[in-house]
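Here are my notes on the model you sent over.

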Amino acid sequence: MNLRPLHDRVIVKRVEEERTTAGGIVIPDSATEKPIKGEVLAVGNGKILEDGSKRELDIKVGDKVLFGKYSGTEVKVEGEELLVMREDDVMAVIEG
């Protein structure tokens, strides 16, 4: 990938949710919502603070994260749909 996010931005690829229920019912694409889980593909250098110093991001490449339904800006790179968002838009890192 040839994208490098600036400052406190991260690039996230959505992780698709299961389309089959526990009972074996297949959910069609038109009935599913966009996933709010994703994997971080790239992170910026850090947030520039008011005093001019730089704070490193808490998120790393490879982290699985949760974000808001309408967070970020969708971009298409090499046929792949990605999200560019600020670190503040990420609500949690999924551990384990």
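1. Start with Val40: at 1% relative accessibility it counts as buried (buried is under 20% relative accessible area, exposed over 50%, partly exposed in between, with a 1.4 Å probe and protein chains only). Val40 sits in strand β2, residues 37-43. Leaving aside neighbours within four places in sequence, Val40 is in contact with Val10, Ile11, Val12, Ile59, Lys60, Val61, Gly62, Asp63 and Val65; contact here means heavy atoms within 4.5 Å. The C-alpha atoms of Val40 and Val10 are 6.9 Å apart, although 30 residues separate the two along the chain.

2. A word on ground rules. This is a predicted model, where local features need pLDDT of at least 70 and side-chain atom pairs count only at pLDDT 80 or more, while totals for chains, interfaces and linings use all residues. Residues are numbered from 1 along each chain as its sequence is written, and side-chain values use heavy atoms, with hydrogens and water left out.

3. Overall, the protein chain has 8 strands and 0 helices. These are DSSP runs numbered from the N terminus: helices are H or I with at least four residues, strands E with at least two. Of the 96 residues, 26% count as buried. Among contacts between residues at least 6 apart in sequence, 61% join residues at least 24 apart.

4. Now the sheet: it is open, has 6 strands in the order β6-β7-β1-β2-β5-β8, and pairs in the antiparallel sense. Two strands pair if DSSP finds at least two bridges between them. β6 and β8 (90-94) are at the edges with a single partner strand each, so one side of each is left without a neighbour in the sheet. β1 and β2 pair over 5 bridges, and Val12 stands opposite Val40 there.

5. At one end of that order, β6 (73-77) and β7 (80-86) also pair in the antiparallel sense over 5 bridges. They form a hairpin with 2 residues between them, and Glu78 in the turn has a positive phi of about 50°. Val77 has Glu80 as its bridge partner in β7.

6. Which residues make up the largest nonpolar core? The 10 residues are Val10, Val12, Val40, Leu57, Ile59, Val65, Phe67, Leu83, Met85 and Val90. A nonpolar core is a set of buried Ala, Val, Leu, Ile, Met, Phe, Trp, Tyr and Cys residues joined through side-chain atoms within 4.5 Å. Not counting residues up to four places away in sequence, Val90 touches Val10, Ile59, Val65, Leu66, Phe67 and Met85.

7. Finally, the charges: the structure holds 7 salt bridges, each a side-chain nitrogen of Lys or Arg within 4 Å of a carboxyl oxygen of Asp or Glu. One of them joins Asp8 and Arg86 at 2.7 Å, N to O. Asp8 comes in the segment before β1 and Arg86 in β7, 78 residues apart. Is Asp8 buried or exposed? Asp8 is buried, with a relative accessible area of 4%, whereas Arg86 is partly exposed at 36%.

8. Another salt bridge links Lys64 and Glu39, with the closest N and O atoms 3.3 Å apart. Lys64 is in β5 and Glu39 in β2, so the pair ties together parts 25 residues apart in sequence. Both count as partly exposed, Lys64 at 37% and Glu39 at 29%.
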